[in-house]
Amino acid sequence: MLPRRRFLQLSSLGLGGLMASNSFGKGLSLNSVNKPIVISTWDAGIAANVDAWKVLANGGRALDAVEKGVMVTESSINCCVGLGANPDRDGIVTLDASIMDEHGNAGAVAAIERIKHPISVARKVMENTPHVLLAGAGAQEFAISQGFQLEPQDLSPSARKAYKDWLKKSEYKPEINIEQAEGGNKSAFAPLKLDNGDWNHDTIGMLALDQAGNLSGSCTTSGMAFKVRGRVGDSPLIGAGLYVDNAYGAAVSTGLGEEVIKSAGTHLVVEFMRQGLSPDKACKLAVERIVSRTGSTKAKEFQVAFIALNKQGQVGAYAIQKGFSYARQDQKVNNELIASASMF
Ligand code: SD4
């Protein structure tokens, strides 16, 4: 993972807007489409983009890229996502994931246990069932029926330590992903800082546009650390944590899922792009919509961030709190971490 020092300030400089017109369709010829491209949330996106890019650079499908990409994060034992992640308050890791293709097909799993790659199970739900979302024990049974292996229930060393620390107070105070909390915020739900100095986020969302000009997206998470057993966040909910409309654009979210669900966040971002707004502006308006409901005093207590990619290959991001970043790989930017603009 890259240290924060290496963040580019491209978003805040508005460089994304230099690549093409900020308004959908205006001044753009087909040749100006920036493809292929992949973007993904947080620092872990750098490693995930590498595998996604292998697919895209070889002319592969965006759907394969967004699955392969986030599988890297799901496999990483000391990360944030997948079976290495923090458990719920009963000490059990439960995972959520969703995927969406260029045809508007969608698949998702919620609160699945002991499965290494929830994103691939989500894809099987999409491709092999007439359903969109399978949850809990049923999702696990389905995964096994599709050839997935049941993994041990053990916690990773970092999760075991974090859970043990959390148990000392067992304070239930859902704050999530507020990076400037370093040193100040002692909430159990603030992200953990790893020994190497990186932050331990518990979600990765990825969006890709392939050489054929098709969009897809994925999102996979352990949800909120030390959550109530059975709690499901925004990530597996289509239109909340992830939305793809192949005609206009795609968006994925991270942060406090409850607030994203209540605003149908990523559907809102994509609708703003449909109305002609740039990805940056669409993400900003969606964040503002959330804050207009909660009020800014409450919004100072939690993080929500969106990234978006439109049909022209333009990208955007916006967050409530500073500290959010996303990784970008295309012909113009070689897998760099980009600092998102934010409200506060
Ligand atoms: C959730 N949105 O379950 C996820 C959490 C998250 O980085 O994004 N963490 O609410």
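Asp-165 and Lys-168 form a salt bridge, with their closest N and O atoms 3.3 Å apart. The structure described here is a predicted model. Both residues belong to helix H7 (residues 157-169), where they stand three residues apart, about one turn of the helix. Asp-165 has a relative accessibility of 37% and therefore counts as partly exposed. Lys-168, at 68% relative accessibility, counts as exposed.

The general principle behind such pairs is that side chains of opposite charge can pair when their charged atoms come close.

The structure holds 18 salt bridges. One of them joins Glu-67 to Arg-123, and the closest N and O atoms of this pair are 2.8 Å apart.

Glu-259 counts as buried because its relative accessibility is 2%. Lys-298, with a relative accessible area of 43%, is partly exposed.

The buried residues of H5 are Pro-118, Ile-119, Ser-120, Val-121, Ala-122, Arg-123, Val-125 and Met-126.

Which elements cover the buried residues of H5? The cover includes two helices, H4 and H6 (136-145). It also includes strand S2 (95-100), strand S3 (106-112), strand S4 (133-135) and strand S8 (215-221).

Strands of a sheet pair through backbone hydrogen bonds, either parallel or antiparallel. In this model, an open sheet of four strands has the order S9-S10-S11-S12, and the pairing is antiparallel. Its edge strands are S9 (242-245) and S12 (315-319), each of which pairs on one side only. From one strand to the next, the twist averages 10 degrees.

Four bridges join S9 to strand S10 (residues 249-255), and the two strands run antiparallel. Leu-242 stands opposite Val-252 in S10, while Val-244 has Ala-250 as its bridge partner in S10. Helix H9 (residues 265-274) packs on the sheet and touches S9, S10 and strand S11 (304-310). The direction of H9 makes about 145 degrees with that of S10. Helix H10 (residues 279-294) also packs on the sheet, where it touches S11 and S12, and its direction makes about 20 degrees with that of S12.

## Strand S10 within the sheet

S9 and S10 form a hairpin with three residues between them.

Is S10 enclosed or open? Seven of its seven residues are buried, so S10 is largely enclosed by the rest of the structure. In a regular strand the side chains alternate between the two faces of the sheet. Within S10, Gly-249, Ala-251, Ser-253 and Gly-255 point one way, whereas Ala-250, Val-252 and Thr-254 point the other way. The residues in both groups are buried.

## The annotated residue Thr-203

An unreviewed UniProt entry carries the annotation "active site" for Thr-203. This residue is found in strand S7 (residues 203-209). Thr-203 has a relative accessibility of 10%; because buried means under 20% relative accessible area, Thr-203 counts as buried.

Which residues does Thr-203 touch, not counting residues up to four places away in sequence? They are Thr-41, Trp-42, Val-81, Cys-219, Thr-220, Thr-221, Ser-235, Ser-253 and Thr-254. Among them, Ser-253 and Thr-254 are buried residues of S10 that point opposite ways from the strand. The side chains of Thr-203 and Thr-221 are joined by a polar contact of 2.7 Å.

Terms used
Residues numbered from 1 in each chain as written. Predicted model: local features only at pLDDT ≥ 70, side-chain atom pairs only at ≥ 80, totals over all residues. Heavy atoms only, no water. UniProt positions renumbered as here; feature names shortened; annotations may be inferred. Buried < 20%, exposed > 50% of the residue type's maximum accessible area, 1.4 Å probe, protein only. Contact = heavy atoms within 4.5 Å. Polar contact = N/O pair within 3.5 Å; in protein donor to acceptor, adjacent residues only side chain to side chain. Salt bridge = Lys/Arg side-chain N within 4 Å of Asp/Glu carboxyl O. Pairing = 2+ DSSP bridges. Axes fitted to C-alpha atoms, helices over the stretch in contact; angles between N-to-C directions.
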